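These are my notebook entries on one structure. I set down what I looked up, one topic at a time.

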Amino acid sequence: MTDPTTKPILILGGTGKTGRRLAERLTAHDLPVRIGSRSGTPRFDWEVPATWGPAMQGVSAVYISYYPDIAVPGAAETVDAFARLAVQNGVTRLVLLSGRGETEAQRAEEMLKASGADWTILRCAWFSQNFSEGFFTGSLAEGEVALPIGNVGEPFVDADDIADAAFAVLTEPGHVGQLYELTGPRLLSFADAVAEIAKAAGRDIRFVRISHEEFTAAVAAHELPPEFGWLLNELFTQVLDGRNESLTDGVQRVLGRQPRDFSAYATQTAATGIWSN
Ligand SMILES: NC(=O)c1ccc[n+]([C@@H]2O[C@H](COP(=O)([O-])OP(=O)(O)OC[C@H]3O[C@@H](n4cnc5c(N)ncnc54)[C@H](OP(=O)(O)O)[C@@H]3O)[C@@H](O)[C@H]2O)c1
């Protein structure tokens, strides 16, 4: 447990999918928060290590959400350098948002454990919110999601459950040295997930399985920075090979309740109109 009553908790990625929700929860409990991002004060930028020290001065703990993705080569070394600097500065309570079945993410976890920090790891499945706050939003609006993925089940986890878990581990005792693997309660293929969204949105949205070559060509056509091209290829052609096709009890262990189902996410998100056209 940290002492967040007087010192703020630094939330890296504090305006992103999980960080924003964690900030809302802490603020709702009158606990002070410092947003760690390029728009935070002081500014925090993963690419500018000189910004790390000022951002962590006087904080009680850090929620580490790496950007762009903890699966990217070199992410582990960067998270390691950040964790060691935090420990040197007396900020030992560190909570890492990690990913499942990703070599680099698991390397980052091991480095965090060796950093001298009072660590907790939240190793998460794919977020449901990728469909509404991430890279699928545009495809869904256009009515077609095309990916090189077959009938592989993914236990999509809700960012609200991750934020609830992060809030719990940062404000309750007993979570130091724990790794929680967080998944949703049900395996869905991407085709299943798109079908649930289409039903909730009341629209015709298709899932199309394309070849790896077609996918690579589509990514290239978007002229993304090279690391994003690499990342999309890694996530969709390597990590989604069935290695993560299992449910875990992580949400139950941290929160004492079942995780939120994808259908609840789809229904609630459809009501915001984000998938309407
Ligand atoms: N999405 C998933 O399904 C999933 C699953 C498992 C694990 N993860 C892990 O979760 C982490 C976050 O992923 P996400 O998809 O949820 O992203 P996200 O948190 O929504 O990403 C956006 C956040 O990153 C900040 N940011 C962008 N560039 C930055 C920079 N150079 N320095 C510091 N902050 C920067 C943004 O704020 P500013 O624009 O203000 O800088 C914003 O707060 C990643 O490490 C990923 O590997 C994601």
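Predicted model: local features only at pLDDT ≥ 70, side-chain atom pairs only at ≥ 80, totals over all residues.

**Entry 1: the ligand.** An N or O atom in the side chain of asparagine 130 lies 2.7 Å from an oxygen atom of the ligand. I then looked up serine 37, where a polar side-chain atom is 2.7 Å from an oxygen atom of the ligand. For tyrosine 66 I noted that a backbone N or O atom is involved, again with 2.7 Å to an oxygen atom of the ligand. I next asked how much of the ligand the protein buries. The ligand taken alone exposes 880 Å², and the protein buries 87% of that.

**Entry 2: the shell around the ligand.** I looked up which residues come nearest to the ligand. There are 24 residues around the ligand, and those that come nearest are Thr15, Arg38, Ser39, Tyr66 and Asn130. I also recorded how the shell divides: 11 residues are nonpolar, nine are polar and four are charged.

**Entry 3: two helix pairs.** I turned to helix α9 (residues 212–221) and helix α10 (residues 226–239), whose axes come within 10 Å and cross at roughly 155 degrees. An angle over 145 degrees counts as roughly antiparallel, and α9 and α10 are therefore roughly antiparallel to each other. I noted that α9 passes α10 in a right-handed crossing.

The second pair I looked up was helix α8 (residues 190–201) and helix α12 (residues 262–270). Their axes come within 8 Å and cross at roughly 40 degrees. That angle makes α8 oblique to α12. The crossing of α8 and α12 is right-handed.

**Entry 4: backbone exceptions.** I first wrote down the general rule: most residues other than glycine have a negative phi, and most peptide bonds are trans. I then looked for departures from it.

Threonine 41 and proline 42 are joined by a cis peptide bond, with omega at about 0 degrees. I found proline 42 in the loop between β2 (33–36) and α2 (52–56). Another cis peptide bond joins tyrosine 67 and proline 68, and its omega is about 5 degrees. Proline 68 lies in the loop between β3 (61–64) and α3 (75–88).

Lastly, I asked where aspartate 30 is placed. Aspartate 30 is in the loop between α1 (17–28) and β2. Its phi is near 60 degrees, a positive value in a residue other than glycine.

Definitions and conventions
Residues numbered from 1 in each chain as written. Heavy atoms only, no water. Near = heavy atom within 4 Å. Polar contact = N/O pair within 3.5 Å; in protein donor to acceptor, adjacent residues only side chain to side chain. Areas by Shrake-Rupley, 256 points an atom, 1.4 Å probe, with all protein chains shown as cover. Nonpolar A, V, L, I, M, F, W, Y, C, P; charged D, E, K, R; others polar. Axes fitted to C-alpha atoms, helices over the stretch in contact; angles between N-to-C directions. Helix = DSSP H or I, 4+ residues; strand = E, 2+ residues; numbered from the N terminus. Parallel < 35°, antiparallel > 145°, perpendicular 65-115°, else oblique. Left-handed = near helix turned anticlockwise from the far one by under 90°.
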